[in-house]
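Thanks for coming. Please have a look at the sequence and the structure before I start.

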Amino acid sequence: MAVCARLCGVGPARGCRRRGAAREQRRGGAAGDSEPDTDTDPEEAGGGGGSAEDEEAAERIEGGRPLPHPGEAGPAGRAPLSILELPPELLVQIFGSLPGTDLPSLARVCTTFRRILRTDTIWRRRCREEYGVCENLRKLEITGVSCRDVYAKRINPRVKSGRFMKILPDYEHMEYRDVYTCLLHRYRHILGLWQPDIGPYGGLLNVVVDGLFIIGWMYLPPHDPHVDDPMRFKPLFRIHLMERKAATVECMYGHKGPHNGHIQVVKKDEFSTKCNQTDHHRMSGGRQEEFRTWLREEWGRTLEDIFHEHMQELILMKFIYTSQYDNCLTYRRIYLPPSSPDDLIKPGLFKGTYGSHGLEIVMLSFHGKKAKGTKITGDPNIPAGQQTVEIDLAHPLQLPDIESLRDFSELSRIVLEVQEQVRREEQEQEHRQEEENPSQPAAKPLGGEGAEGEDNAAGAEGSTQDKAPASQPFVLPMGVISRNEDYPRTCRICYYGTGLIAGHGFTSPERTPGVFVLFDDDRFGFIWLELKSFSLYSRIKVAFQNAEAPSREAFDEMLKNIQSLAT
């Protein structure tokens with residue numbers, strides 16, 4: 001602040017002005033008639049007394065741009081003595097390159113800075129560079145089309161195009177400064193990826209800046225069993241400016257357009273939404289019409305098309321349960337898993353088949369010699385947040401020839417042999433730890449595989465990939481049930497793994513052996529031996545915004561939190 005005041009000429013550093021007056025006299029008079037500058041500033045006296053050229057060079061740097069040498073300046077024009085003498089358009093460029101959070105402090109320096117910071121170009125640049133806003137406030141035909149058209153026309157063509165733009169903000173009298181300060185900066189903490197607390201079902205919400213709105217998009221898996229189809233999404237809420245300096249929160253749930261809502265940041269990495277007009281969620285035909293509409297959107301079919309009685313019960317149970325959360329929801333932040341060059345494939349979010357429960361979202365992450373699949377959406381048996389599969393990268397499986405692979409008993413024999421080997425290795429490791437550290441507990445802490453485990457995993461993986469061909473034939477054994485018969489017929493490599501199974505209500509959970517099958521960079525599968533079932537997973541190819549974990553530790557802590565909440 002003191003530097004800015006000195007540059008503006010409003011601070012106590014009078015030596016700068018005296019030096020400037022002395023230079024003016026030197027430029028106006030002859031070289032021989034000029035008198036030496038004997039007036040020195042106390043700061044200069046303590047600095048060792050530099051030459052006049054050094055002083056001018058320092059002031060040229062402080063002024064923000066190179067100034068001509070005194071010999072080059074004409075008598076009619078002189079170099080600026082402070083930043084205030086720079087052209088206003090240059091100051092706009094300088095201020096526009098600063099972070100938006102620093103601009104309020106800059107406005108308190110002087111009235112000139114405050115006046116320049118009212119220029120909307122500065123705030124428009126900050127909105128664009130920090131939050132990706134690119135719409136023009138003065139063009140109503142462009143503003144808001146992004147969110148309306150993506151949902152109303154591409155995703156749900158049955159909806160009237162004006163449904164979600166029932167009330168347009170007054171963009172004609174709005175400024176980018178208000179958009180930045182009252183909308184984007186105020187609600188910046190809710191941007192990112194979130195998991196709603198809907199009991200065992202969970203969900204995936206991405207809050208993004210869309211045009212001049214902040215919108216919460218709920219992402220839904222494609223209709224069962226089309227695992228390779230793109231994700232579906234619908235808006236749950238939106239925030240925008242209806243009047244200057246006043247942000248409005250609107251609930252988008254239901255079938256009657258946007259209506260009044262409320263958002264509250266509960267604590268760090270957690271917020272809640274509340275609908276103040278739940279009558280907008282109801283339909284004129286009552287609960288039966290609401291259920292039929294929900295069924296078409298959720299499953300893409302009618303109840304009569306679903307012949308499996310158990311599946312009908314699960315669908316009805318989900319509708320009744322999730323309907324209780326249509327007026328108030330709590331969201332907890334989740335991160336995308338960090339990646340490493342040594343990972344088997346790129347970690348991320350996948351959609352997978354889970355029998356009668358339909359398609360669910362799973363997060364694949366790598367932890368040394370282990371890979372884990374954590375449920376983001378769940379079901380009454382294995383709720384969201386639980387670790388559905390775990391892959392042992394230190395124990396690859398060598399599949400038999402294609403004819404022997406069709407025999408389920410042969411695959412079971414291979415997997416059970418590896419399971420016994422893993423059990424023996426774990427027991428030997430516990431004995432070694434007890435002998436080396438008798439006072440220490442035998443079990444390793446969570447996440448404590450260490451460098452040795454990573455090296456073993458990398459070595460086992462590398463040796464297997466060297467021996468195995470780039471791809472090998474694959475077929476499911478006879479008797480293994482798959483929701484999607486259109487699975488790949490070649491695979492890269494297979495690993496021993498375990499899958500989590502449980503009864504209804506997550507009763508009697510246990511880990512059972514299985515086979516992890518890597519097909520390519522975007523697809524993998526898992527064979528559940530005890531269930532004689534096969535799950536196919538396909539990568540979610542969506543560029544989620546503000547979803548990267550700040551650190552590996554933050555991601556591991558997030559995984560622990562969502563698993564503890566699910567338990």
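Helices (H or I, at least four residues) and strands (E, at least two) are DSSP runs, numbered from the N terminus. This is a predicted model, where local features need pLDDT of at least 70, side-chain atom pairs count only at pLDDT 80 or more, and totals for chains, interfaces and linings use all residues. Residues are numbered from 1 along each chain as its sequence is written, and side-chain values use heavy atoms, with hydrogens and water left out.

Back to the strands. β16 (residues 493–503) pairs with β17 (residues 507–518) in the antiparallel sense over 10 bridges; pairing needs at least two bridges found by DSSP. C494 stands opposite V517 in β17. A second hairpin, with four residues between its strands, is formed by β17 and β18. Those two are also antiparallel, over five bridges, with β18 covering residues 523–528. There, V515 has I527 in β18 as its bridge partner.

Next, confidence. The protein averages a pLDDT of 78, and 72% of the residues score at least 70; pLDDT is the predictor's confidence in each residue, from 0 to 100. Over residues 30–75 the pLDDT is below 50, and this stretch has 31 contacts in the model beyond near neighbours in sequence. Contact here means heavy atoms within 4.5 Å. Residues 138–168 also stay under 50, with 57 contacts beyond four places in sequence. Where pLDDT is low, the predicted coordinates should not be read in detail.
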